[in-house]
Amino acid sequence: MKIAIIALVMICSQSLFSQSKTVSGTVKDAMGELLPGVSVVVNGTQKGVQTDFDGLFKIENISPTDELVFAYIGMTGQTILVGDRTNIDVVLTASLESLDEIVVVAYGKQSRKTVTGAIATVDAAEMAALPVTNAEQALQGRAAGVTIVNSGAPGSSPQVLIRGLGTFGNSSPLYVIDGVIVGNLSGISPSDIENVSILKDASTTALYGARGSNGVVLVTTKTGKTGRGKLNFSAYTGAQVVTKRYNLMNTTQYLEFAANNDVFPDRPAAIFENNTDWQDEIFQVGLIQDYKLDYSKGTENSTQFFSAEYLKQEGTIINTGFDRYSFRANSSYTTGKFKFGQTVSISLSKSKGEQMGGGRTLITHAIKSVPFLPVYNPNNPGGFQGPSNAGDEQDAENPVRIQTLPTFSTNNLGIIGSLYGEYNILEGLKFRTQIGLDYFNSRNSTFVPSFSDDPSNTHSQDFASYSAGASWGQALVFTNSLNYVKTFAEKHNVEFLALAEKTENTSLGFGGSARNLVTDELQQFGSDSQTIGSNNSKTTRLGYLARLNYNYDSKYIFSASVRRDASSRFGANYRWGTFPSASLGWVLSEEDFIGDDSSINNLKLRGSYGITGNDAIGDYRYAATLVGDFQYPLGDTNGAGFTENGGSNPDLKWEEISMFNIGLDVGLFNNKFTASLEYFKNTSDDLLVQLPTALSSGSHAGNITANVGSVETKGFEAIFGYNDSEGDFMWSANFNIGSSSNKVLFLGVDEIPGFALQDAGVNVTNIQEGESINHFYGYISDGIYQNQAEVDAVFSGDPTQTAIQPGDIRYKDISGDGKIDADDRTVLGDGLPDFTYGLNLSANYKNFDASLFITGVQGVDVYNTVRFDLEGGSRRVFNGTTALLDSWTPGNLTTSMPRFGGATENFAVSDRFIENGSYTRLKNISLGFTVPNDVFNGYFTKFRVYASAQNLLTITGYNGLDPELTSGVDLGRYPQPKSFLFGVQVSF
């Protein structure tokens, strides 16, 4: 029996020993990046290894019953049963608890857990998900309370509003790249960005005092990572196209419309065989391509990151485009207590924008141009064909000639960089000094040879014209700070920052123009009609800041700051401003009465209040500057003279914005579900406004800058996120929504006129007490007068009027005085949305990844000036919508189109041209596949291919080409195209 038992044990042992094996594999993150340094341990033992620089691991003598535990800082760990496998590839996802653990804030970083302000963050993965030419575009829909309006023009910068509109002047946020204050983000490659923090309340923005009133966008660029050098290459190419068109009359329809209005074009009969689609003539398929190469490496004492990129984008409007070369080098070095480093980016770009003709856009000319005229005529000087005032009774310019005949371009050089040094004086106390530079150099030129679009010389130029200009500018920021961090009694955490900062902006400009009466061959200044001009300006700011952050055991949080700023844009009387802020936070999830509930991972209540400032006006407004180019009689001759350009105001001072914010952060079920809720209320006082001056003052500009008015802005924001995984399938959904509304509390004057429509000659928008900024103000339409009795009934108080007749638009008599005049105007809406939203869905299954991004706005009004033109707003026989064929006549009463050429009041500012501009847009959809490493025998650490489409679908009731507009006024703006891209990402 003993022998039998021993034999059985030996057989079992031999069997178990024979099953031991070696297991190997790779570990990646959700983006397919190989992870070095991942811990791989046999569960319940001390036996384990770490992945190497290529994310590879190998562990020997493993049994099928063993479990391998994969752990990595910032990632959600996994435990995997070995079974019969010898190769195990693992994908680790970011742990939501640590994903935003460190947040970039003003002049430093903070733990997300101890942040008490309103901060939205966007990381590199979200930025990379949407191929864009400008980094601000990638922020659209990613952060609650941030409204971004894009243009389709290549290389253009979008309009960015943080928490709505609270000022009459410049509403753009402050941009800070690696501690350097810049004008916008157009000078850096979006793929160089590591993360973006958007500061929205006073506890975060007041630290920038003078310039934080409109919010702050903090950008941190990529740095080298510790480990072996890594080379990345990415490229994409594709096409962009505008598919939507306005419904215009063709030649047959236009001739019928013209004849109905007693216009008979004096042209040879053969020309009427043409049927030119001017919209198709100005739009094209634009190609886009982008190539990026970067290299990073690092050790414990140094890191380096280098990148180079080339972007080429053809516009969807002919002869427009944008080319950019960008280069970046970031590095840091540590030796003992001293750390120093630098960041620098260089951008070289060339852009060709849309040209204007007579102050109107190409789309405006395209929709007005008659369809029977050809685009080209080789018999005309310049080679183009245009209308004849005498023969066609209209003068819409040939839009193809406007855009293609001139030779024009703008060339820009931008340099953004910083040098910094840090010294650890003693434990917890650090001194940092940094100097930052934002430099630009811009050159532009336009050459137009002589031309004549028609023998009638309706549009002609019998000389060659040349204009050129150049501008230079730089901003220097010098910052010195002391930072002290200390923990007392293990629970009292204190951080104190003292800072001094000086900013100096200088700019110079030069420009000239001339005519050449002799030749079209020289693109140089001619000798006739020469003009020349130059300008320069300088702005200096000086600021001091003190900030205290305190938390007790990361449970009770307090933060306070005060900043004192001076700006050279104000006179000596009120040059300095003081901007304090304070915030409180309570992490309820750390309390004992919640701590036992394992489903609640984070529950934090926070609130803040503070004051920020704004000096976003022109330079030297406090003084009476001079303007020249005047001639005064001096005896028998004329002498050069100067006069006051604008009134002086030595008491000019800061705009001040008081900000209140309260927020709640939630994390549930191991942070699978997260939420953040915010309510804010901002009050702007002493707004900087240009007020008209009396003619008797002799002021040439006719205005004076003063502190007048108060505006209240309030709203809410909400962010919801859900992340989950099951086996090889991982998915996430993130939704954000934000609202804001503003009201003018005090103005000091009756009204401030806003945007003026060229053809209407009146203001479309207005500023008044009790209403929103730049609201639409006009008449309410009430159908069409069908007979004289209806006219007389409305104009009972003005029976002698004859301008309004049957067939004209009827407006409501709001004042009830029996006539229609300025007293019957009322508020018609405004161009700011009630709320904006964004939805981001992403999923990964094994080597496949997919993402879908939707963004939109709701409750926004648009004044459609293009429709004004389409429906005959100029009251001349231009081309327009086919609906003009259904204009009112005594025999056609069942129509909504008034009689053509009727009363000028038909095209007064009214709700007739105001449309609902709400939209939902499929901003991006993409599908990618990461090729397994063994396909290329491990030559690449990552090889991903993807296809992507932007602006594929837009759901809207708006009739224009693009509902995404600035200030809610559509002037025929360059529409955003649909884009179809194919790309590749490779890592070595």
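**Surface patch, core and charge pairs in the predicted model**

Valine 935 sits in the loop between β51 (919-930) and β52 (942-956). The model it belongs to is a predicted one. Val935 is part of a nonpolar patch on the surface, together with Leu231, Phe233, Tyr291, Leu293, Tyr295, Phe306, Phe936, Tyr939 and Phe988. Taken together, these residues have about 880 Å² of accessible area. Two elements give two or more residues each to the patch, namely β17 (227-241) and β18 (286-298). The largest share, three residues, comes from β18.

Turning to the inside, the largest nonpolar core counts 36 residues, and Tyr246 and Tyr254 are those with the most contacts within it. At least two residues of this core come from each of α5 (251-260), α6 (278-282), α7 (362-368), α9 (399-404) and α12 (865-870). Helix α7 gives the most, with four residues. Tyr254 also turns up in a cluster held by ring pairs, where the other members are Phe257, Phe272, Phe372 and Phe900.

Aromatic pairs number 28 in the structure. In one of them, the ring centres of tyrosine 376 and phenylalanine 384 are 5.4 Å apart and the planes meet at 40°, so this pair is classed as tilted. Phenylalanine 384 has 7% relative accessibility and therefore counts as buried. Rings also meet charges here: arginine 142 lies over the face of phenylalanine 853, 4.0 Å from the ring centre, and lysine 368 lies over the face of phenylalanine 878, at 4.8 Å from the ring centre.

Next come the salt bridges. Side chains of opposite charge can pair when their charged atoms come close. The count for this model comes to 39 salt bridges. Glutamate 590 pairs in this way with lysine 113, with 2.7 Å between the closest N and O atoms. This pair links distant parts of the chain, 477 residues apart: glutamate 590 is in the loop between β30 (576-587) and α10 (592-595), and lysine 113 is in the loop between β9 (108-111) and β10 (119-123). Glutamate 590 is partly exposed, at 32% relative accessible area, and lysine 113 is partly exposed as well, at 34%.

A salt bridge also joins the side chains of aspartate 665 and lysine 604 (3.8 Å, N to O). Aspartate 665 lies in strand β34 and lysine 604 in strand β31 (residues 600-614), so the bridge ties together parts 61 residues apart in sequence. Here both aspartate 665 and lysine 604 are buried. Arginine 810 and glutamate 790 meet in another salt bridge, at 3.2 Å from N to O. Arginine 810 belongs to strand β45 (residues 809-811) and glutamate 790 to helix α11 (residues 788-794), 20 residues apart. With 25% relative accessibility, glutamate 790 counts as partly exposed. Elsewhere, Asp178, Asp192, Lys292 and Arg328 are linked in a network of salt bridges.

Asparagine 457, in the loop between β24 (451-452) and β25 (460-461), has a positive phi near 60°. At 45% relative accessibility, asparagine 457 is partly exposed. Asparagine 671 also has a phi near 60° and lies in the loop between β34 (655-668) and β35 (673-685), but at 8% relative accessibility asparagine 671 counts as buried. Asparagine 43, in the loop between β2 (39-42) and β3 (48-50), is partly exposed at 43%. Asparagine 43 and leucine 81 are 38 residues apart in sequence and 9.6 Å apart in space, C-alpha to C-alpha.

Methods: Residues are numbered from 1 along each chain as its sequence is written. This is a predicted model: local features need pLDDT of at least 70, side-chain atom pairs count only at pLDDT 80 or more; totals for chains, interfaces and linings use all residues. Side-chain values use heavy atoms; hydrogens and water are left out. Rings of Phe, Tyr and Trp (its six-membered ring) pair if their centres lie within 6.5 Å; planes under 30 degrees apart count as stacked, over 60 as edge-to-face and the rest as tilted. Buried means under 20% relative accessible area, exposed over 50%, partly exposed in between (1.4 Å probe, protein chains only). A charge sits over a ring if NZ of Lys or CZ of Arg is within 6 Å of the ring centre and within 35 degrees of the ring normal. Patches are made of residues with over 30% relative accessible area and no salt bridge: like charges are joined within 9 Å, nonpolar side chains (Val, Leu, Ile, Met, Phe, Trp, Tyr) within 5 Å. Accessible areas come from the Shrake-Rupley method with a 1.4 Å probe; for residues, only the protein chains shown count as cover. A salt bridge is a side-chain nitrogen of Lys or Arg within 4 Å of a carboxyl oxygen of Asp or Glu. A nonpolar core is a set of buried Ala, Val, Leu, Ile, Met, Phe, Trp, Tyr and Cys residues joined through side-chain atoms within 4.5 Å.
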